Amino acid sequence: MKPEKEELPSQKNIQNKYMDVDLDRALDLSGAGRYQVFHCAMMLAVISTVIVEMIGNAFILPAAVCDLGLSNSLRGLLTSVPNIGVILTAPVWGRAADALGRKPVLLFSTAVSGIFALVAAFMPNLISFALFKFASSLFLSCPSSLGFAYAGELMPRQKRDLAVMICNALSMLTSTFCPLLAWGILSYNWDSSPIPLRPWRVLTVVYAAPVICAAIWVTQAKESPKFLMAKGRHEEALDVLKHIYAFNTGLDKENYCVKSLKICSDHTIEYNRDSPSSEEDSLSLLKPPHLKWLVLIGFLMFGLFSLLNGLFLFVPFTLNKAVLSDKPRTVCELINQPQNQTSAVCSDTISYGTFQVTVICSLVYGTLVMLVSLSSVSKRTQLIIMYSLVGVTCIISALTTNKLLAGISMSALQITALGIGPLTAYAVEMFPTTLRGTAVGAVLMFGRVGSVVGANLAGVFLAGSCTATFYGFSGLLFLCAFLSAFLQREQTTNQVT
């Protein structure tokens, strides 16, 4: 009988006990059921709330332009503030997760990030608002990257890629709540409420509160058995597997058929955050064979985030101009048109049409990403198609004078979110457990650099060289599509645990 076909222990075979079982085999025997659904839902909540908090600036800043006195250049800078904080701390959180554990680091970073973001809503001016947003961003790197790795590490190997990619697809689908919440809050007349409030401040609170709620949920998580094995805490790892088994089957955890776990070389490395061996392990990312994969996956993540958290964050502002325009013009003509307004009244209104196009397109594209993620299409093929498709829509965005087509094509930039799952899955499977948290954090750091570069380039050049900016981003996407072909195929990937 093939090992992978072995049934989970039941009341008839609970007497059978297995000694020195490999961790991946033990995960298979614990089952893939209710606990994995519970755990992945928890990680999805963390990832989704953090994404909404980060991309929420695309709707907060246009609505706060009058109160905070934001110019176009400052808007681009403030848009990139969260990603700057993420870049500065990404290596720290990756090391912390590998040294201290997934659960405590994820819980602490998510909670503190949410609290700082919540406090930012009550700051009186631009400087204090930006400082608290920046403080929040210093803790965002951990939940935005570790959530994927943590979701995969409690899954049996055969389900690991699927779990990461479903979490990514659902996180994009739930990001639809970002424009939906903005639509509901910014369109409400808060001046007539019993307590007059500025709508952008309310929206900031609404984006931050779920992050804190997600942190509270993380208190119910179990530590990664892979991390526990790497720390030499074998009995604790076995106890986690027993809990997973009991949760999945409804049986007593002592019925779990695995009596002891096999101690492999990868799992016997004792981590000590103050020891030289820990630094040597991290530096091995910069040596063959890990370096080539780190550079390749990192660059692909750079290109992805330069669109998703860079150019795409200007879509609501640009679409708003297109919707309010009374003549058919390209988005670049609208951005570059002279400002002849003589009125001194500041306008921070976002049109109904902007929200309508954004919400509908987000729902459609989110569903599309979900369907593709659940399909049998390989990760590499998904990446090649995604980069190529978004590259084409980027060019269309710069050329069309049709408002509807402009809205559809510019909103399609968010399809780049499809690539986060496959690229993170590659990062999870291409690096051993002792380097996995650091590697995923480093890959996501490349992405955050792309976010900062993309946001600032878009903020500076859209007003002066708009068409060239769109063509430049398109070229980057086509390059990423070409480089994606060098990723390993699934059947030949050397999976390490």
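Residues are numbered from 1 along each chain as its sequence is written. Because the model is predicted, local features need pLDDT of at least 70 and side-chain atom pairs count only at pLDDT 80 or more, while totals for chains, interfaces and linings use all residues, and side-chain values use heavy atoms, with hydrogens and water left out.

**Salt bridges**

A salt bridge is counted where a side-chain nitrogen of Lys or Arg lies within 4 Å of a carboxyl oxygen of Asp or Glu, and by this rule the count comes to 9 salt bridges. The table lists some of them.

| Asp67 | Arg198 | 2.6 Å |

Asp67 and Arg198 meet in a salt bridge. Asp67 belongs to helix H3 (residues 57-68), whereas Arg198 sits in the loop between helix H9 (177-186) and helix H10 (199-218), so this pair ties together parts that are 131 residues apart in sequence. Helices here are DSSP runs of H or I with at least four residues, numbered from the N terminus.

For accessibility, buried means under 20% relative accessible area, exposed means over 50%, and partly exposed is in between, with a 1.4 Å probe and protein chains only. Asp67, at 36%, is partly exposed, and Arg198, at 30%, is partly exposed.

Glu254 lies in the loop between helix H12 (234-249) and helix H13 (276-283), and Lys242 lies in helix H12, so the pair ties together parts that are 12 residues apart in sequence. Glu254 is partly exposed at 46%, whereas Lys242 is buried at 16%.

**Packing of H9 and H17**

H9 packs with helix H17 (residues 352-374) at an angle of about 155 degrees, their axes being 9 Å apart; the axes are lines fitted to C-alpha atoms over the stretch in contact, and angles run from 0 to 180 degrees between N-to-C directions. That makes H9 roughly antiparallel to H17, a term for angles over 145 degrees. The contact, meaning heavy atoms within 4.5 Å, includes Trp183 of H9 and Phe355 of H17 among its residues. These residues divide into 8 nonpolar, 3 polar and no charged, where Ala, Val, Leu, Ile, Met, Phe, Trp, Tyr, Cys and Pro count as nonpolar, Asp, Glu, Lys and Arg as charged, and the others, Gly among them, as polar.

Note on methods:
Helices (H or I, at least four residues) and strands (E, at least two) are DSSP runs, numbered from the N terminus. Angles under 35 degrees count as roughly parallel, over 145 as roughly antiparallel, 65 to 115 as roughly perpendicular and the rest as oblique.
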